[in-house]
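User: I have a structure open and I'd like to go through it piece by piece. Can you help me read it?

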Amino acid sequence: MLITHVLDRGTLRVQIRRDLNITNRAAVAFQIEALVAAHRPDRVVLELPVGEPSPATLSAIARAQRMCRSLDVTFEVTGGAHVHIQEARDQDAVRLDSGARRHR
């Protein structure tokens, strides 16, 4: 099981149980999208595993963040290493920084 979730008072809390790789990132992103579509929460909190997130994990985070923004759902990332989500000036672009420099 790659993710677990709990819905409590309009907040969908999704825990990614281990760092993602290229073979499972799309499945996790799809599962998060399906949970949001099914539960229509006001807020999504994505909990990361301990450690520096892989590029595949960052990709899944970005996809979930874009989907939540398109639905006007508040999105937050917690746990793991510090991950900073920065909105670019262009609303369609998102930059995720996690320790090492990542290029778009």
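## Reading the fold

Analyst: A place to begin is helix H2, where the buried residues are Ala56, Thr57, Leu58, Ala60, Ile61, Ala62, Ala64, Gln65, Met67 and Cys68. Keep in mind that this is a predicted model.

User: What span should H2 have, and what does it have?

Analyst: H2 has 16 residues, which at 1.5 Å a residue should span 22 Å. The C-alpha atoms at its ends are 23 Å apart, so the two values agree.

User: What does H2 pack on?

Analyst: H2 packs on the sheet, where it touches S3 and S4. The direction of H2 makes about 155 degrees with that of S4.

User: Back up a bit. How many helices and strands are there in the protein chain?

Analyst: The protein chain has two helices and six strands. From the N terminus on, they come in the order β-β-α-β-α-β-β-β.

User: How much of the chain is buried?

Analyst: Of its 104 residues, 41% count as buried.

User: And what share of the contacts comes from residues 24 or more positions apart?

Analyst: Taking the contacts in the protein chain with a separation of 6 or more, 63% are between residues 24 or more positions apart.

User: Now the sheet. What order do the strands have?

Analyst: It is an open sheet of four strands, in the order S1-S2-S3-S4, and the pairing is mixed. S1 and S4 stand at the edges and have a single partner strand each, so one side of each has no neighbour in the sheet. On average, neighbouring strands are turned by 20 degrees against each other, direction ignored.

User: Which strands pair in the parallel sense, and which in the antiparallel?

Analyst: S1 and S2 are antiparallel, paired over six bridges. In that pair, Ile3 stands opposite Ile16 in S2. S2 and S3 are parallel, paired over five bridges, and there Leu12 stands opposite Val44 in S3.

User: Is S3 largely enclosed or left open?

Analyst: S3 is largely enclosed by the rest of the structure, because five of its six residues are buried.

User: Let's do the other helix. Which residues of H1 are buried?

Analyst: In H1 the buried residues are Val28, Ala29, Ile32, Leu35 and Val36. They lie on the same side of H1, because they cover an arc of only 120 degrees around the axis.

User: What covers them?

Analyst: The cover includes strands S1, S2 and S3, together with H2. H1 itself lies across S1, S2 and S3, and runs at about 20 degrees to S1.

User: And which exposed residues are on the face turned away from the buried side of H1?

Analyst: That face carries Phe30 and Ala38, which are exposed.

User: How long is H1?

Analyst: H1 has 15 residues and reaches 21 Å from its first C-alpha to its last, close to the 21 Å expected.

User: Which residues have the most contacts inside the largest nonpolar core?

Analyst: They are Ile3, Ile32 and Phe75, in a core of 23 residues. The elements that give two or more residues to this core are S2, H1, S3, H2 and S4. H2 gives the largest share, seven residues.

User: What is Ile32 in contact with?

Analyst: Leaving aside neighbours within four places in sequence, Ile32 is in contact with Ile3, Val14, Leu46, Ala64 and Met67.

User: Is Ser54 buried or exposed?

Analyst: Ser54 is buried, because its relative accessible area is 14% and the cut-off for buried is under 20%. Thr11 counts as buried too, at 14% relative accessibility.

User: What do they touch?

Analyst: Not counting residues up to four places away in sequence, Thr11 touches Val6, Arg43 and Val45. With neighbours within four places left aside, Ser54 is in contact with Asp19 and Leu20.

Technical notes: Residues are numbered from 1 along each chain as its sequence is written. This is a predicted model: local features need pLDDT of at least 70, side-chain atom pairs count only at pLDDT 80 or more; totals for chains, interfaces and linings use all residues. Side-chain values use heavy atoms; hydrogens and water are left out. A nonpolar core is a set of buried Ala, Val, Leu, Ile, Met, Phe, Trp, Tyr and Cys residues joined through side-chain atoms within 4.5 Å. Buried means under 20% relative accessible area, exposed over 50%, partly exposed in between (1.4 Å probe, protein chains only). Contact means heavy atoms within 4.5 Å. The expected span of a helix is 1.5 Å times one less than its number of residues. The arc is that of the directions from the helix axis to the C-beta atoms. Two strands pair if DSSP finds at least two bridges between them. Axes are lines fitted to C-alpha atoms, for helices over the stretch in contact, and angles run from 0 to 180 degrees between N-to-C directions.
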